[in-house]
Amino acid sequence: MPGNPTPVPSAVVAHAAVTQQVLDGLLGQTVTDYCGKYGSVGDTINHCAHFVSHVLDLRIPGAALCSNVGNSTYTYEERRNGVCVRVNQVYNSCNGRAAFDAAVTCHTPRIIVATIADNVRGDNPPVVGDHPRKHIGFLLGTNVYHYSNTRDAVVCQPVGEFASHYGSRTVLYVSDLP
Amino acid sequence: MAVLLLATSAGAAAANSAEPRMLDDGEAIKVVEALSRASTQPLSDDPSCKADLSDPRPMSVADGLGVALLKAVTSEEATGLTLQCVDRAGYPKTESQEYCALNFATGGGAEMEYGLIFLMDWQTGAVVEGSVECY
């Protein structure tokens, strides 16, 4: 932007208590329910990271937010009030990034990303790239809570099904919550 | 394989703006030429287009266009490309400047789906340096 932007304060990450009860309470919500200022039911925008970020109230300095991308209803003054909207910016900012291991049961909530192998660089830690085939949600136990863009709603899905999100090309990666 | 379509209509409004302004041919040429001249300039950091925000390497306007093109050519739906100018509520600009968007939208849709948004200065014929954002 022209001129120097106001320095962004340290990341404001207010972890909600990401419990099964909280996530179950979000099932069926649409982007209009949990945001209302960016996107709409039936649009073609990928809202999966948007959903995750609203649950976590996640805004990372410099990240694309629902308040500063080109088509939200936020004003210029509100441009830093939104939450992150890009899968890779969210995931690549997390600690504990690694390939998903089905043999390991998650007793605490984690971030899970489905993408294709060519969209991941490195493995220590892995970095998810810009290919549009990427999707993010919460892994809790053996279930994934995520925003289904095809159903326009928050859904819960066994991780075994989520593992086929992009068919046989799907690879899964996990991380700690940001 | 994705099909990239060049559309002439401006498409639907950005959510916080009046209808996008359609550019005439002369304006479209000026904008594309200005973007081309700006291709090596750095993208805005606010917001950043980087996949990894901890990566210190700067991204250029050409890099940002590459990100949008990657999405377009790997889309399973036909992708339309439009050039439109939009009103961004409260965003700073002078009288001779206007926010414009190189917008990709799948299935011939009219939404502002992804692309580059930038401040075009009609007086200088240039994209304002540092104004190009990915969305």
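## Strands, core and contact in a predicted model

This model is predicted. In chain A, β4(A) pairs with strand β10 (residues 170–175) in the antiparallel sense, over six bridges.

User: Which residue in β10(A) does Val113(A) stand opposite?

Analyst: Let's start from the strand pair: β4(A) and β10(A) run antiparallel and share six bridges. Across that pair, the residue opposite Val113(A) is Tyr173(A).

User: Over how many bridges do β4(A) and β7(A) pair?

Analyst: Strand β4 covers residues 106–116 of chain A, and strand β7 covers residues 134–141 of chain A. One bridge joins Thr115(A) to Lys134(A) in β7(A). The two strands pair in the antiparallel sense, and the bridge count is seven.

User: How many residues are in the largest nonpolar core?

Analyst: Val52(A), Cys84(A), Val113(A), Ile136(A) and Leu116(B) touch the most other members of this core. Leaving out residues up to four places away in sequence, Val52(A) touches Val90(A), Ile136(A), Gly137(A) and Phe138(A). In soluble globular proteins, nonpolar side chains tend to be buried together. Here, the largest nonpolar core has 78 residues.

User: How many nonpolar residues are on the side of chain B that touches chain A?

Analyst: The contact takes 34 residues from chain B and 32 from chain A. On the chain B side, α2 (61–73), β4 (97–106) and β5 (114–121) are the elements that give two or more residues. That side has 10 polar and seven charged residues, and its nonpolar count is 17.

User: What pattern does chain B follow along the sequence?

Analyst: Chain B has two helices and seven strands. Read along the sequence, they give β-β-α-α-β-β-β-β-β.

Definitions and conventions: Residues numbered from 1 in each chain as written. Chains lettered and ligands numbered in written order. Predicted model: local features only at pLDDT ≥ 70, side-chain atom pairs only at ≥ 80, totals over all residues. Core = buried A, V, L, I, M, F, W, Y, C linked by C-beta atoms within 7 Å. Buried ≥ 20, exposed ≤ 12 C-beta atoms within 10 Å, placed from the backbone. Contact = placed C-beta atoms within 7 Å. Helix = DSSP H or I, 4+ residues; strand = E, 2+ residues; numbered from the N terminus. Nonpolar A, V, L, I, M, F, W, Y, C, P; charged D, E, K, R; others polar. Pairing = 2+ DSSP bridges.
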